[in-house]
Amino acid sequence: MSSRSLRLFFASLFGVLACAATAAPQTVPDTIDQRLLACATCHARVNARGNPVNDSFYPRLQGKPAGYLYHQLLNFRDGRRQYPLMTYLVEHLPDAYLREIAQHFAALPPTVLPPQASGLSAAVLERGRQLVVDGDAARKVPACVACHGARLTGVQPNIPGLLGLPRDYVNAQFGAWRNKVRRAHGPDCMADITARLSLEDVAAVSGWLAAQPMPLDPRPAESIARPLPLACGSDPEAR
């Protein structure tokens, strides 16, 4: 490139930079959608084609019952759930704003995610299915469907769905209940159930759940037969 061409190139470059420096700054809208975009970094992973994937540790938030989301935000803020990043994000937020966040995500259409291959044996998967569908009366473990709904998509307003969750996330939550780093308002029904399950049972349940296809309409059920098998402090209607 000749010296004249170089001079022209740099003159053009400096002109572009000068225009960029003097351009009016863009105004970012102060909306709940804009404020919560950061949540998508963990909770809305997609693949290179833009399709949703569930091979991440983090669960989706869209379409979950608002009461459930609100209680979990409270639990992170107030120390009943331990995850430093979440605690940092919500520790100074008031109840009303946490409820607004919960309602925002609850109003979004839920994401239909593909099932995950478990790599588990047929016998282990069958054990997982039995626990989810029938429970284990000998251990006083109720069936998951008795609380989380026949379709396992959750129940309004406080019970979350179990399908579409990453297997690692489900295992981690059982571990957190077992190690008492995840708690809920008493009576803490999931902590009680976890104490009655072996580690093998937990692996069977998480593997079977992750391998199930989600229904095309995975919205939570509006109601479920009550009373629930166990009283749960996180679901006031079950107390």
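Colleague: Where does the charged end of R99 sit?

Modeller: Over a ring, namely that of Y70, at 3.9 Å from the ring centre. Keep in mind that this is a predicted model.

Colleague: How do I read a nonpolar core, then? Which residues have the most contacts inside the largest one?

Modeller: The general idea comes first. In soluble globular proteins, nonpolar side chains tend to be buried together. In this model, the largest nonpolar core has 37 residues, and those with the most contacts inside it are L98, I101, V132, L152, F174, L197 and L209. At least two core residues come from each of helix 4 (66-78), helix 5 (84-90), helix 6 (95-106), helix 7 (122-133), helix 9 (167-178), helix 10 (189-195) and helix 11 (199-210). Helix 4 gives the largest share, six residues.

Colleague: Take L98 as an example. Which residues is L98 in contact with, leaving aside its neighbours within four places in sequence?

Modeller: Y70, L73, L74, R77, V90 and L93. There is also a second, separate core of five residues, with V155, I159, I224 and L228 among them.

Colleague: Is helix 11 largely enclosed or largely open, and what tells you?

Modeller: Burial tells you. Nine of its 12 residues are buried, so helix 11 is largely enclosed by the rest of the structure. The buried ones are D201, V202, A204, V205, S206, G207, W208, L209 and A210. Helix 7 and helix 9 are among the parts that cover them.

Colleague: On to aromatics. How many aromatic pairs does the structure hold?

Modeller: Four. For each pair, look at the distance between ring centres and the angle between planes; an angle over 60 degrees counts as edge-to-face. F57 and Y58 show this, at 5.5 Å centre to centre and 85 degrees between the planes. Y58 also pairs with Y83: the centres are 6.5 Å apart and the planes meet at 75 degrees, so this pair is edge-to-face.

Colleague: Why does the Y58 and Y83 pair tie together separate parts?

Modeller: Because Y58 lies in the loop between helix 3 (40-43) and helix 4, while Y83 lies in the loop between helix 4 and helix 5, parts that are 25 residues apart in sequence. F57, Y58, Y83 and Y169 form one aromatic cluster.

Colleague: Now the backbone. Which torsions deserve a second look?

Modeller: Most residues other than glycine have a negative phi, and most peptide bonds are trans. Here a cis peptide bond joins Q156 and P157, with omega about 0 degrees. P157 lies in the loop between strand 1 (154-155) and strand 2 (159-160). Another cis peptide bond joins R226 and P227, with omega about 10 degrees, and P227 is in the segment after helix 11.

Colleague: And where do you find a positive phi in a residue other than glycine?

Modeller: K180 is one case, with phi near 65 degrees. K180 is in the loop between helix 9 and helix 10, and is exposed at 65% relative accessible area. L152 also has a positive phi, about 60 degrees. L152 sits in the loop between helix 8 (145-148) and strand 1, but L152 is buried, at 6% relative accessibility.

Technical notes:
Residues are numbered from 1 along each chain as its sequence is written. This is a predicted model: local features need pLDDT of at least 70, side-chain atom pairs count only at pLDDT 80 or more; totals for chains, interfaces and linings use all residues. Side-chain values use heavy atoms; hydrogens and water are left out. A nonpolar core is a set of buried Ala, Val, Leu, Ile, Met, Phe, Trp, Tyr and Cys residues joined through side-chain atoms within 4.5 Å. Buried means under 20% relative accessible area, exposed over 50%, partly exposed in between (1.4 Å probe, protein chains only). Helices (H or I, at least four residues) and strands (E, at least two) are DSSP runs, numbered from the N terminus. Contact means heavy atoms within 4.5 Å. Rings of Phe, Tyr and Trp (its six-membered ring) pair if their centres lie within 6.5 Å; planes under 30 degrees apart count as stacked, over 60 as edge-to-face and the rest as tilted. A charge sits over a ring if NZ of Lys or CZ of Arg is within 6 Å of the ring centre and within 35 degrees of the ring normal.
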